[in-house]
Amino acid sequence: MIEARHLRVLRAVAATGSFSAAARELGCTQPAVSQQMKALESSAGTPLLIRTGREMRLTQAGEALVRHAAGILAGLTAAEEEIAAIAGLRAGRVRLVSFPSGSSTLVPTALAALRAEHPGTRVSLVEAEPPRSVEMLREGDCDVALAFRYEGRREAPQQKGGGGRREGEGAHAAEEWDDLVVRPLLADRLVGLVAEGHPLADAGSVTIDAFADDPWIAGCPRCRRQLVEVCRGAGFAPRIDFATDDYPAVVGLVGAGLGVAVLPELAIESVRPKGARTVTVEPPVRREIVALTLPDLAQVPAVAATLDHLAKAAAR
C-alpha cells in the first residue's frame, strides 16, 4: 500500500534531484529519505528512480506517481483541514429531530447558545413525535432526537406479525432506549386546562376524576393513550370529543368551552392560553424529557455540544 508520507518524499526528491537535498527540504536525514524511497518502490512493485551519480532521475512509473501525488496530497490536506475544523467545532453539522413543544421551548434556547459559541456548526431541525423520532435516530436520519416517555412506564417495542403482547406492555408500546445514549433533561408535569368559566377554574388543585363528566380535548397519539390510561386508573373513561396534535388548537378549543384537557407544562409554556386556565392535577403525572443519540455519535464534538446546550436550556 502506498503511503502519503512516501509520496511527499518522492515529490521532494523529484523537485530537488537528490536524496540529500530532499532531506534538507523535509527536515530529516538522507538515510531516512533513502529508506522511505525503498519502501515506496517496494509498495509500487517497480523502480521509481534511476540513480546517476549524485542525481536522481524519475522512471516512467515515477513520473506517473509524481503526477498523481499532487492531487492525492492536496486531497489529503483538504480532508485533514476539514476534519480538524469539525473536531474543533469550526465546522460540522447536526441533524436534530424534536417533538413540537420541545421545538418551541428547549430547542430555540439551546441552538441560539450553540450558534453563539460555535458559529461554524450548522443544525437542521425536523419535527416528529416518539417513537418515530427514535426510529429516525436508529435509521440514520438524524443525529440527536429530543423525545419523551411517561414516568413509571418501561415500554417494550411493538411486536411484528400481529402477535399479542405480554401483560403490561400496552398497545402503544414504545421502543426501549437501552442501546442509546440517554441525556435526561427534565421531568415535565401534566397540568389541567379548563375554560375560564369552568366550575374548577379557580381550584388550586384537583384530582383527575373531577373531570369525569367533562368532554375532553386530547393531544398527540401517545399523550392521548396516556390520558385514557390515567383516567381509567381513576375509575372512568374520558369522553374525547376532539383530538389534535396542535397544542394551540387544544388551548383554543378549551378556551371556547368545548372541553377540558391535560397538557405538559412545556406545551403551556409555548402557547398563550387565551380564555383558559391551568389547574394542578393530583396525583402528579410527569413525562421524562430526554435527548437521545447513538453511542458513536456521542463522541462527535458537534453532537456532544448540542446535547450539552439542550441540557443547559432545560435547566433554566
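Me: I'm looking at Ser103. Which residues does Ser103 touch, not counting residues up to four places away in sequence?

Reply: In this predicted model, Ser103 touches Ser98, Pro108, Leu125 and Glu127, with residues up to four places away in sequence left out of the count. Ser103 itself lies in helix 5, residues 100-103.

Me: And is Ser103 buried or exposed?

Reply: The idea is to look at relative accessibility: under 20% is called buried. Ser103 comes in at 10%, so it counts as buried.

Me: OK, on to pairs of helices. How do I read those?

Reply: Two packed helices are described by two things, the angle between their axes and the distance between those axes. Take helix 2 (residues 19-26) and helix 3: their axes come within 8 Å and cross at roughly 105 degrees. Angles of 65 to 115 degrees count as roughly perpendicular, so helix 2 and helix 3 are roughly perpendicular to each other.

Me: Which residues of helix 2 and helix 3 meet?

Reply: From helix 2 you have Phe19, Ser20, Ala22 and Ala23, and they meet Gln30, Val33, Ser34 and Met37 of helix 3. Sort the residues of this contact and you get five nonpolar, three polar and no charged.

Note on methods. Residues numbered from 1 in each chain as written. Predicted model: local features only at pLDDT ≥ 70, side-chain atom pairs only at ≥ 80, totals over all residues. Heavy atoms only, no water. Axes fitted to C-alpha atoms, helices over the stretch in contact; angles between N-to-C directions. Helix = DSSP H or I, 4+ residues; strand = E, 2+ residues; numbered from the N terminus. Parallel < 35°, antiparallel > 145°, perpendicular 65-115°, else oblique. Contact = heavy atoms within 4.5 Å. Nonpolar A, V, L, I, M, F, W, Y, C, P; charged D, E, K, R; others polar. Buried < 20%, exposed > 50% of the residue type's maximum accessible area, 1.4 Å probe, protein only.
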